[in-house]
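Please look through the structure shown below before reading on. The report that follows takes up a sheet, the overall build and a chain contact.

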Amino acid sequence: MSKHTFSIGGVHPHDSKISRECALEQLPPAPVVYIGVSQHIGAPSVPCVAVGDKVKVGQVIAEPGGFVGAFIHSSVSGTVKSIGPRADLAGRATTHIEIAVEGDEWLEGIDTSDTLVTEIPEDGKAIVEKIRLGGVVGLGGATFPTQVKLSPPPGSKCERVIINGCECEPYLTSDFRTLMEKGEQVVVGAALLQKAMGGVPCTIAIEENKPEAIAHIREVIARLGYGDMDVMVMKMMYPQGGEKQLIDAVMHRQVGSGALPISVGAVVQNVATALAVYEAVLKNKPLVDNSVTVTGECFPKQANLVVRVGTPLRYIIDYLGGIPADAVKIISGGPMMGRAVANLEAATVKGTGALLFLTEKQTRRAPETRCIRCGKCADACPMGLEPFLLNKLSKAADWEACEANAAQDCIECGCCLYSCPAQIPLLDNIRVGKGFVLNAIRARAAAAKAAAEAAKSK
Amino acid sequence: MSKLLVSPSPHIHSKDSTRSLMLDVVIALIPAVICSVLFYGWQELLVLGVSVASCVLLEWAITKYLLKTPSTVGDLSAVITGILLALNLPYTTPWWVVFAGAVVAIGVAKMTFGGIGQNIWNPALVGRVFLLVSFPTYMTSWSAPKGLFGADAVSGATPLGAIQEGLMRGSTVQELTSAYDYRDMLFANLGGSAGEVCALALLAGFVYLCCRKVVKPWITLSIFGTVALTSLVFWGIDPARFTDPLFNLLTGGLVLGACFMATDYVTSPMSVKGGIVFGIGIGFLTMMIRYFGSYPEGVSFAILIMNSVVPLLNMWFKQKKFGRK
Amino acid sequence: MNVLIWTIAVVTVLGLVLALVLYLVAQRFKVEEDPRIDEVEKAMPGANCGGCGFAGCRAFAEAAVKAPDLDSIYCPVGGNDTMAKVAAILGYEVKAKAPMVAVVRCNGSCEARPRVNEYDGYASCYVKSLLYTGDTGCSFGCLGCGDCVNACQFGALSMDPLTGLPVVDQEKCTACGACVKACPKRIIELRPKGPRGMRMFVSCVNKDKGPVARKACANACIGCGICAKTCTHEAITVEGNVAYIDPAKCKLCRECEAMCPTGAIHGVNFPKPLDKDAIKERIKIRQQKAKEAAEAAKAAAAEKPVILSASEESEKKEATNE
């Protein structure tokens, strides 16, 4: 078996990588950027600048608000105009730091040249610390702070670093372009991650629909001469890029319910994260920009842009010629897991990977009809769940039964709703059940902890 | 662009809809329909027409006047029920018997349970079994095919019926089966209900369904496997009393039942494992009824019996959950 | 004949033995229950709605029998009548409670609150609220998918297709609180029905600053505080840019309603329509008088300042001495 994939479920939506030939392009900074303080999973960062301060590109403007937190750096140079609530793309008010752009002055010490640095520092801890200071978070979508992932809890050991270059969602091409144009940097970033985890082997997983990238990365690995690093060709299957699915596909190990990948000895990082790691560690450049695919059949000017964090979505869209007349939905991210944009004034965050324009015909949901018990949702579920059942239980608000049927394991990949011939909003309801079950589990854990502490104090 | 559309993910959908899946099943049944019309002539066309029209009309009328819910005729499931019911009846069936079958299939077996997705038993089979026990004379006297413009048919029994009769008279199976040529069975040259006659046309339709990923082949394969295995064992023990595997595979609507009735979404288990157990059950029960039951034909009863245990199979045989034992 | 006798004998013996077994089993597994639980349950409305906070009417009855008094237990559906019956059965004293009714605190009709995007997911307020802040500019208001309507067991709620907002049928509403729990935006509140159903409330929960709220919805409370200043009963508080009327203090004078610049304050079931001008005139006169009185007091204070302050001081001293 030459092509690998995960063992349960999965779907294969149409490919639609229409922007694959568009080279990465630097988007000029917007006149005003809005940098949010909660761009990652975990505690929101705490702003450490004041209104009126002058900032440079790469300067820290917010500090981590907890262990699971991240530094946030200014992505532009200019003056801090305000710090206050502003609606994100779902309309929810979160704290943003507004910076009026003046010029493009970078902080001293940041290497903005294109020279490739390949010397890997010897000290793994120092690498992780530099990643922390660089504000690197997982750019595959979940935006989990990278340094937390790289600090395995005591008792667990990393056996393999997996670089996720699957890009299994339709339309998205920014990782592909990164692999093609910054392949060397990604490979060096992967080597850094290998070193940080104690010299473990590394696999770069790329789906078979990107043969150029596979060949290119193989060539780069051979040229740079890193041992213990290989490219694995993956079968096209969604959600291959899901962390648990990818570990299953690469290592044939299944991460248990509620457990972290490290429990089976895996650390998964996205291609874009590997690039950010390279830049943070060897170029001293914190995470201030990321590549964003702007695409959609109805969008005339496809592009893969390198965008400063905090750029208003409207600025990006206007730069590429505005919203096409027949687009009805704009998605931040891919069509399977991305979030629909309700507010065009919202700014990009570190994890923004794409802006996708869909037409009425492509995206409007058809009316819901009766379940015909075809079982297609259960066949498609990569977690082996029974979406039709969870849908019912969730609608009946039977959270205990939801938990017994593992609603908490749902990864919200959308395969069930995608494949349902009756157009039943399965995932919409399962998400509700999952939320309640996770809350119940957390409440139980907290109660158990409190009880244990009470017993101790006695 | 007017207002932005906002919805939870996913934002795209596969092209499948209930209607498209059902349409695929209809397409898969077309070879068998053409075959049966070619071999039985206009009378078969009448049975098909009456059956499909009454199924569709009944479902429309029941949703409109009794349930007062939006019509579900558009999903084409009633059309399938109509075709399957017709293929289960001899072409000589009078139109009012066909209509009675449709009333039971749609009115009793499907709509009383709440319509599509809610029924426990395959509607077409319930209709067929109802007719089988209510109008045995129409249902058990079969005629040899006469072709589209052929002469009047000669009444006779189906191969299985003939063999059961013959066995009761004291003949051996070898004597009785020697009258039949398996090639005739494959290419529709025997008496029987329309759907029993051309195994090849049915199999072609089934292959189409599998290729289109409308159904999974496991249920059907496990039925065929079980029937072959069971009859092999009995035939091996006493070839004079029990018919051989190939004969059993090709007669008595087994192909129709295994390919199109047992694989009905609503009344079959969801998981692959459950489906295989379901198929084994059908295959075994079919053979038991054929060998030891009073009816010569057991597929309908076997499927209906196994339909009843589908909820249990769904409960017992679940897909293994990721990362769990 | 023999067969008949044997049959009768066997069946009789079998019947007796089985009866004995059944009796013994029933004795062995008998659950001692307070007979009053059944009585109380019979007196309940039997809706099993959970509005009392217990799992159902039976659970309520069990709790009522166990409880030392009925102070903390109340059946909102049955109301005072049911509670009187329960109290009679259990021999407790009963305190009548003011009947309550559900009130929808959002008036963001389609007209007043323009839709800025279109929702295309499962029609549930909860699902919608998980996704985003809603299809209007107001992130606090009604989402309009009718979770409250689905939660109501008594058919007291319905969606008004014109406004896109839920409407409470106050005759059918039992104040069980199911809708309050169902609403993810916490818009519905249980308030006392008021004398002859007359009650005042602020029909808005928008905590945005005035201009923002006003831009999103013409009927929004902008937190201007005029109502609080007007109110002579200290019934109105403005917190987080939104006013709230304390039903316990409100005297139903309707002055706040007349003065509200956006019409966010609603009075319902009043016999006469609101005469804004008359009330405004009344308030004006009163304020004028108050002003004059204050000025007069000021003038009086200026005339004899020494004596007043001395007496005040002596009073203060006494107070501290005590």
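In what order do the 4 strands of the open sheet in chain A lie? The order is 2-8-7-4, with antiparallel pairing, where strands are DSSP runs of E with at least two residues, helices are runs of H or I with at least four, both numbered from the N terminus, and two strands pair if DSSP finds at least two bridges between them. Strand 2 (32-36) and strand 4 (54-55) of chain A are the edge strands, each pairing on one side only. Strand 2 of chain A is joined to strand 8 (residues 93-101) of chain A by 5 bridges in the antiparallel sense, and A:I35 has A:I97 in strand 8 as its bridge partner.

This is a predicted model, in which local features need pLDDT of at least 70 and side-chain atom pairs count only at pLDDT 80 or more, while totals for chains, interfaces and linings use all residues. Residues are numbered from 1 along each chain as its sequence is written, and chains are lettered from A and ligands numbered from 1 in the order in which they are written.

| Property of chain A | Value |
|---|---|
| Helices | 14 helices |
| Strands | 17 strands |
| Box filled by the C-alpha atoms, along the principal axes | roughly 60 × 60 × 55 Å |

Turning to the chain contact, 31 residues of chain B are in contact with 53 residues of chain A, contact meaning that C-beta atoms, placed from the backbone, lie within 7 Å. Strand 1 (4-6) and helix 1 (18-40) of chain B each supply at least two residues of the side of chain B that touches chain A.

Conventions
Contact = placed C-beta atoms within 7 Å.
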